[in-house]
Amino acid sequence: MVNLAGIIEKQLPPELVKFLHVAGEAAHSRGQGLYLVGGVVRDLLLGRANLDLDLVVEGDAIDLAQRLVEINPGKITVHARFKTAKIQWDDWSVDLATARSETYARPGALPIVKPSSIDSDLFRRDFTINTMAIYLDPSHYGELIDPYGGRDDLERRLIRVLHEKSFTDDATRILRALRYEQRLDFRLEPTALELLKRDVPMLDTISGDRVRHELELVLKEKYPERILGRAAELEVLQRLHPALKGNGWLAQKFQQARELTSPSLPPVGLYFALFTYPLTGEDGEQLISRLRLPKALTQALRDTASIKAKLESLSDPELAPSRIYRLLYGYSTLAITASWLASDSPVARRHIRLFLNKLRYIKPALTGDDLKRMGIAPGPRIKEILSLLHEARLDGNVTSERGEEEMVKGWLG
Ligand code: ATP
Ligand code: MG
């Protein structure tokens, strides 16, 4: 029997270790089994940091969570429908779920869920390396439950499914498989690879919201281009939209995006705009509806496409700053940043950068009120003059408030 109590002690913060003991005892006193499951078990064995703890209880997770916050005060969020609860403290959080079995009425459907034992709860999971649990019951504390050989697969660095219908039941697992494969630098075990290839068409059964969610998870990884590259190789991307590519161009642009936003990772929207950049407007619209993209992201992608159509104008080396301003004004910063990264014209890039770093902040010093004080009657004339001043400022034809006043007087005279 493998016992991981020592590893838990070594890798998790002392407060969290204490919490696990207390939780195990509380569940035990109610006659319920409690287990640490999924990703954290995998990462404990790999020696990778992971403070997203998932717990499964053979009993009502919400009741237990409420008892646990009485002992150890924290913020509790309850999802009655899913029989899950989340407890958050300042630095970490714990998800608590009721052990459940899942069956699929048809491919891609949401599963039919029943309360169950830990065994069936493990059987519903995706890959052997995610299908291990650790007992928290005081009498077995730290013992590993590994019914599908997850530990061996970790050693052999393999992503293996639990059964032949895994990707058919839930084709989001196709993207999950590639994500773990690339994140951990593992390989799909040969049968899993064959099944995955066979079941790529099952992606059509997955709703836009769920595919989008999986893509977001991909884009939150450290090197999303590796996953997208692999997804292209296996024709997974093409199934989402035939025009999507995961090639060297994308890898280069993602790398540049990281250099730009370092030390933070690029926002998912920026990656998304680069990912969809090569698509035509029509392809982009198809993808927006397939993935039911939210409003803000949809707008950013449309802005990016619209800037792309202006790249030729932006590549004119003689372009006045005021003209650059007019070409780029009104688009989201995300779209402009993506266009800067994606463009291959050095001149266009220089112009876009000038807009981002400088032009967008330039405003005339005089306001409408100032103009009225100078004797200009309220009306459309004010707006016109302000716009001329703005242009003069952008092009460097005027550089001070005094200068602006002189300019206005000149126009009036
Ligand atoms: P990560 O480090 O990416 O968070 P994780 O293993 O914690 O990895 P989650 O997406 O947080 O992954 O899910 C938690 C656990 O739930 C997984 O380990 C896996 O056992 C199970 N799981 C999640 N999604 C699925 C799915 N689509 N099909 C089957 N099991 C799943
Ligand atoms: Mg997780």
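Colleague: In which loop does Pro263 lie?

Modeller: This is a predicted model, in which local features need pLDDT of at least 70 and side-chain atom pairs count only at pLDDT 80 or more, while totals for chains, interfaces and linings use all residues. Residues are numbered from 1 along each chain as its sequence is written, chains are lettered from A and ligands numbered from 1 in the order in which they are written, and side-chain values use heavy atoms, with hydrogens and water left out. With helices taken as DSSP runs of H or I of at least four residues and strands as runs of E of at least two, numbered from the N terminus, Pro263 lies in the loop between α13 (248-261) and α14 (268-275).

Colleague: What is the omega of the peptide bond that joins Ser262 and Pro263?

Modeller: Most peptide bonds are trans. The bond between Ser262 and Pro263 is cis, with an omega of about 5°.

Colleague: Which strand does β2 join in the parallel sense?

Modeller: On one pairing, β1 (residues 34-37) and β2 (residues 52-57) run antiparallel over four bridges, with Val37 opposite Asp54. On another, Asp52 stands opposite Ser93, and six bridges join β2 in parallel to β5 (residues 93-98).

Colleague: Which residue in the turn between β3 and β4 has a positive phi?

Modeller: Strands β3 (residues 75-79) and β4 (residues 84-88) run antiparallel and are joined by five bridges, and Lys75 stands opposite Gln88. They form a hairpin with four residues between them, and the residue in the turn with a positive phi, of about 55°, is Lys83.

Colleague: How much of the area that ligand 1 exposes when taken alone does the protein bury?

Modeller: Considering polar contacts, that is pairs of N or O atoms within 3.5 Å, a polar side-chain atom of Asp170 lies 2.8 Å from a nitrogen atom of ligand 1. A backbone N or O atom of Asp126 lies 3.2 Å from a ligand nitrogen, and one of Asn130 lies 3.1 Å from a ligand oxygen. Taken alone, ligand 1 exposes 590 Å² (Shrake-Rupley method, 1.4 Å probe), of which the protein buries 76%.

Colleague: Which element gives the most to the shell around ligand 1?

Modeller: Of the 15 residues around ligand 1 (a heavy atom within 4 Å), Arg42, Asp170, Arg173, Tyr180 and Arg183 come nearest. The elements that give two or more residues to this shell are α3 (39-46) and α8 (172-184). With six residues, the element that gives the most is α8.

Note on methods. A polar contact is a pair of N or O atoms within 3.5 Å; within protein, one must be able to donate a hydrogen and the other to accept it, and residues adjacent in sequence count only if both atoms are side-chain atoms. Two strands pair if DSSP finds at least two bridges between them.
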